[in-house]
Each structure stands twice: as structure tokens, then as C-alpha cells.
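User: I would like to understand the terms behind a structural description before I rely on it. Could you take me through them one at a time?

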Amino acid sequence: MAEVNLVEAVNLALAYEMEHDESVVVLGEDVGVNGGVFRATVGLQARFGAERVLDTPLAEGAIAGLAVGMAAMGLKPVAEIQFTGFIYPTLDHIINHAARLRHRTRGRMSCPMVLRAPSGAGIHAPEHHSESPETLFAHTPGLRMVMPSSPARAYGLLLAAIRDPDPVIFFEATRLYRLFKQDVEDNGAALPLDVCFLLREGTDLTLVSWGAMLQETLAAADALAKNGVSAEVIDVATLKPLDLATILESVAKTGRCVIVHEAPRTVGCGAEIAAGLAEHGLTSLLAPVQRVTGYDVVVPLPRLENRYMPSVERILAAARKALEYA
Amino acid sequence: MATVASFEIEFVRFLDPRGEPTGALPDFAREPGTLIALYRSMVLTRTFDAKAIAMQRTGKIGTFASALGQEAVGVGVASAMRPEDVLVPSYRDHAAQFYRGMTMTESLLYWGGDERGSDFAGPRHDFANCVPIGTQVCPAAGAAYAFKLRREPRVAVCMFGDGATSRGDFYEGMNMAGVWQLPLVMVINNNQWAISVPRKLQTAAATLAQKAIAAGIEGLQVDGNDVIAVRQVADAAIAKARTGGGSTLIEAITYRLGDHTTADDATRYRDADMVREQWQYEPVARLRNYLARINAWDKEAEEALHRECAEEVNKAVDAYLAVPPPGPDAMFDCLYAALPAALEPQRAEARRFG
């Protein structure tokens, strides 16, 4: 057991799987000698060689496309896109090829690839380094969309993503990379890719979030507890396919729900969860579902990013609204 | 001032438009049986195309992209490949696909709107048709990378049209093939038209082949209506790729004698005279003339071949028409290795409404 932060957990998972499965290759910009701009792949090239840890030319679309071809031919590529702001050129390959390959060949071919990308705001990064576009991928049939919120879940979910026989998009919140450490046993144990994680049990209110926003969400749950409000906290680390059942079960108990995400509100993943609650949980709801999200604006540059990202105060305000609804 | 780089682009041709050898033929072409097999494949593709267009007109299949006039490109390239190599085609490469073992029934299924057409019997590792233009170059490079990593003596052969060479994916995939010396052969079916946009509006470059120079790989032109030349340059490029010599870009000069697809009307943007003139260069008559010249072909053989091809195509059509449409479960069956629980209610809904 070692105390590691999230980026170290990613590195551990990559190393573990490369060690145990020679079909795993890591590719992307600066992932080799440099070990990745966030050091997620540090040491891998020295250990596994430049053929399995490839520094690619600077072309995000081709990185994704290359991974599709590798995966179709039996490799398990783990491609890194340096920031989610640069992920858009990959959409053609991810949506048109990776996500469809199994279906369009009736299972003759498949695409067991992972596309990793650091995501989200909060580290005072330059323009185009703070986006949260998970909804683009969660909307696409044939993909899995994963966003871990802790080192242990990053380790177990990344292993599961690499082993999964279908394409997985894996967003790592840059804000969490070095925020805290956790005991992670490097034993190769994967976590399930299709269930929510219940982080805290409660009876009065359900808080639903994923990725970095669980920091503020858990802090809000703490503040609510001080006021005698028992909040259940659910981590939707696997956004697609969505485990709505766990959320419905929680709301059946609490009757009130606040969904928190950093991505913009309109057509965000929170909208899907809220719609699911309206469709299947209406009779258990005691108050309208609240959403606390990034605004429907361009992610601001660092001077304003803390005003953009949902704060503990905004979550508490939404919680009060849900709790006070008669 | 010093010149730091210069280049030349070779053009390869063995038969002139009348089917007369322009010089010594390559070894494989000295055996009439080999040439007759190539000829047969081209005629079969042309017979299939005519039938498929007729089927689209009568509502038996959906939109279809014919290879009329470009048969030598697909047949020439496929005949140079080994079964274990991987074809990464566009949507106009059924000449190559048929040569490699995809059945005409499977092609009709695909164009008839049934995914099972891409679950073909031909080499199971060949990629299915790629519709988003030129995007297949990157996966083709990835496939080639897998072969190189595993030290497998296999080659990825990627085919696309002239329009694809204007896209970033083409440059990006080719660039990677150059950097890593990948066993990737890229073949441009330069049929002069990207739907209505002529070759000269795609690029100011004198040739498409020279785009290879920027990626540090070999690029050359071949007469795409001369199947002997196509086979020869593909043989050389594939052998080079297989033995670690890296990637090649082949620009096959040909002409799209038909519409872009059955949904297109080419008379809107090009003169009938222009197309009529191109018929004198087409590949089927060119090889037939050569075969007749060496007394390897005659009228009887030609008639017999046409009968045989028509029969084969009709059989494929009958087999296609006998395939019942898939049930609604097919939308869900192969989306993931196993259907996620979240999708089960939607599958149930599809079943309920049939």
C-alpha cells in the first residue's frame, strides 16, 4: 500500500497493465521521454521501451485514429490528449470510427482503446486548458465515459478502462492530480465501469456529482452535517453508461436531489440525470431537482475561473432550496 | 544560395491506351493466365456495378458508388496483397474487396442498408468501407504500427480518392507512417473528381504523389488504367513495406466514368464530351486489346466471360434478396461487447414496437 496522488495513481495503473499485458501501448504528445506534461506517463518509456510508449507527432486527430487502427488489430492503446481543449479533432475518429466499429461490423472487429485527457478548470491554466466536454462523449452511442474523483478510483477505473473490450474516454481532473493522496494498493484490482460510487450515506438529501466537483460537493455535505442535515453523496464516475438505478434508489430515500457538475448546464450530464429522476422517480421527489453547474458561458481565463466553477456556497444554496421546498 | 531539397515524381505505365506495351513488361505479366485473372476481376466488377446501379434504380438497394473506369486500381492493388495483409478501403473499393474475398452478396447487403454486409467472409481482418473521407488513413497507420510492433511481416494498404488528399487525416496519417517507417501503402484513386469538384480545385500541387515528399516517404504516379502498371508498383511498394523499407504513396491516375454515386448527376458539372474522350483510356478495353494482341483472348472467350460474370452477379443478387432484414435487436446486439444495463429498457422498447 502506498500513499499516492491521482496522477501517480494513473501512472501506477498504466505501469501495472503494461507489465501484465504486452498488447497495451501508450501514445500521445510528450508521453515518452518527458513523461507527459502532467507526468502521468513518467518512467514508462524507460521501463517499457519507445515502441510501446510512443511520442507521437503533434496531431490529435491522428493520435485517436492511430489508436483505432491499433485497437482493431489487437493492441490495447491508451492514447493521451494533452488537454480536453485539444480533444475536438479526435471526435471524427472517436465518434465515426471507435464508437461504431463493433456495431458496423456486427462484432467482427472491436476497438478496445482508451482516450485519456486532463480535464477541467482550477489550475490557472492558459486558454483552452480548462474545458469539461464529457457530455460530447456521454452522448455518443458505443462509448464509455469515465471521470474518477480520487486516486483509488482513478487506479481501479483506469485498469477497468484498459481491460474493457470497447472504447473508453477517461477524463482526469487536473485540479485533482496533486490535490491529495490516498492509500492505493497496486494490486491490479479494477473497479466496475457501470455503477455509481456511494461516497457517503445520508437520509435528507442526495448530492450527485463526479470528477473534481466532488471536492466542493463533499465540503457542502460536511457543512450540511454541521447543521444537522444528512446528505448522501454519489460519485457518478462512470457517466456512460449511466447507473441511474443507484441515484433513483437514493432519491427514493431522501426525496431531494442536487446535481453538481463543472461542465456547462445546457445538455450537460446533469440534465440527463434530472430527466431520469423526472421519468422514473417523480413520486419520490419532495422538491424540484436542483442543478449547480458551470454557467453556459465560455470557460473564463484564470482570473474568473473560480467564479465559474460551482462553489460550496452555490451548492449549499441549492441544497437549502431543495430542503426548504414544501 | 544552395538547393537543400529537390525531388522528382516517377510515372509508371506498361500498356499505352491502345493496349500496346511501351517497353518490357514485368515478369508476372509474361504469364497470360495471370493477366486473364486480372481481366476477369475487372470485368466482374464492371458487371456488378451495372447491376448494382440498376438495382438502386428499382429500389432494391440504396445509394451506390460505382467503380466504373477505376477497376484497374482496385484489382491491381489487391492482386499484389497477401491474404494476411490488411485492406483499409474507402467506399469505392469493391474491386479490391472482391479480389480479396468479400462476396458480391455482402457488398449488396452493405449498400442495401444492412450492417451484416461489413461482417464479410473475405479477410476477416480487413477494414470495412470508410465513408468519412480520408479518415481511414490514420487507422491504417495504426494497423501498420501494430504489425511493426509485433514483428509481423504484414502490410496495411489504404485506399482513398483524390479529394481525401486535401484532408488533414491524410497528411497526419502519412506523416506518422514516415516518422515510424510503417508498413503502410497508401493508394490514391485519383479519378479526377470529388463529387463535382475537379482535381485542379483540390490542390495547386502538380501531382498528388509529391505530397509524400513532405512526409519523407516515396511517392509516385502510375497509370491507374493500366492494371499491369498498378500491380507492378503495388508489388514493389508492398514488398518494400514488408521488408522494413517503410511507406509509399501511390497516385493512380484514372477517371470516374460514372456519377459519384447513384444520388449524383454528373451532367450538372461536366461535359459529356469530356467523359466520352476518357473512355478511350479505360482499363478493361486496354488489357483486352493487349490480350488479343498476344493471341490470349478472342471473341468467344469474351462472350463466355460475360456470361459467366452475369451469372455470378445474378447469383449474388438472388442471395442478397433472400436475406431477411434484421430484427430491432440488431441495433443493440453489437454496440458493446455486452449490452449495458442502462440500455436494456431501450432494447425492450424497440422490441415492443417491433
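Analyst: Let us begin with contact: two residues are in contact if their C-beta atoms, placed from the backbone, lie within 7 Å. This is a predicted model, in which local features need pLDDT of at least 70 and side-chain atom pairs count only at pLDDT 80 or more, whereas totals for chains, interfaces and linings use all residues. Residues are numbered from 1 along each chain as its sequence is written, and chains are lettered from A and ligands numbered from 1 in the order in which they are written.

User: How many residues of chain A are in contact with chain B, and which element gives the largest share?

Analyst: By that 7 Å criterion, 36 residues of chain A are in contact with 33 residues of chain B. The largest share of the chain A side, nine residues, comes from α3(A), where a helix is a DSSP run of H or I with at least four residues and a strand a run of E with at least two, numbered from the N terminus.

User: What makes strand β5 of chain A mostly covered?

Analyst: A residue is buried if 20 or more other C-beta atoms lie within 10 Å of its own, exposed if 12 or fewer, and partly exposed in between. In β5(A), residues 114–119, six of the six residues are buried, with Val114(A), Arg116(A) and Pro118(A) on one side and Leu115(A), Ala117(A) and Ser119(A) on the other. In a regular strand the side chains alternate between the two faces of the sheet.

User: Why is chain B called as compact as a globular protein of its length?

Analyst: The radius of gyration is taken over C-alpha atoms, and the globule rule is 2.2 Å times the number of residues to the power 0.38. For the 354 residues of chain B the rule gives 20 Å, and the radius of gyration of 21 Å is close to that value, so chain B is as compact as a globular protein of that length. Chain B has 13 helices and eight strands, and buried residues make up 50% of its 354 residues.
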